[in-house]
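Dear colleague,

I am passing on the structure below, followed by some notes on what was found in it. Please read them alongside the coordinates.

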Amino acid sequence: MGIIVRKVKTTLSFKDEKPEVYKVSQVSYLPVGYDMLVQECSEACGVNPSQTRAVVEALINRMLLMMKMGHAVRLGSFGTFKTQLKVKTVATSDDATVGTIQKKRVQFIPGKGFRDMLSSLEVKVAGDSLNEK
């Protein structure tokens, strides 16, 4: 198992001479849908799919609530989700208000299990038996 890549020829249009170069590109697959993931978890745990769905949705709702309150949420070795603000810097203390917040986003910090998965991830070239890292 692993990620399948293929070699792709592309043109560097930002360069004046527009050279053709090659790069490795990941072969795309359809994303795993929520229903399929719930079904897989249900079968893996031997639990009814509706019970699995209820637990997953409760987990997501609690995560959102905790993050809305400003807490980071750690999901074991998977990783941590935390809210972040992109804020405009200003010259004086009086100018530093909530109005200087430019963007709200979520940062994901991979945990050990996630990092281990990435470090052991196999990459295979389509049509080749050669493994590359």
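Val 32, Met 36 and Leu 37 make a nonpolar surface patch of about 310 Å², where a patch takes residues with over 30% relative accessible area and no salt bridge, joining like charges within 9 Å and nonpolar side chains (Val, Leu, Ile, Met, Phe, Trp, Tyr) within 5 Å. A salt bridge is a side-chain nitrogen of Lys or Arg within 4 Å of a carboxyl oxygen of Asp or Glu, and areas come from the Shrake-Rupley method with a 1.4 Å probe, with only the protein chains shown counting as cover for residues.

This is a predicted model, in which local features need pLDDT of at least 70 and side-chain atom pairs count only at pLDDT 80 or more, whereas totals for chains, interfaces and linings use all residues. Residues are numbered from 1 along each chain as its sequence is written, and side-chain values use heavy atoms, leaving out hydrogens and water.

Leu 37 lies in helix α1 (residues 34-45); helices (H or I, at least four residues) and strands (E, at least two) are DSSP runs, numbered from the N terminus. Leu 37 counts as partly exposed because its relative accessibility is 47%, the classes being buried under 20%, exposed over 50% and partly exposed in between.

In α2, the buried residues are Thr 52, Met 63 and Met 67. They cover an arc of only 30° around the axis, so they sit on the same side of α2, the arc being that of the directions from the helix axis to the C-beta atoms. These buried residues pack against α1, β3 (73-75), β4 (79-87) and β5 (101-110), with contact meaning heavy atoms within 4.5 Å.

Strand β4 also holds Thr 80, which is buried at a relative accessible area of 14%.

Best regards

Conventions: Buried means under 20% relative accessible area, exposed over 50%, partly exposed in between (1.4 Å probe, protein chains only).
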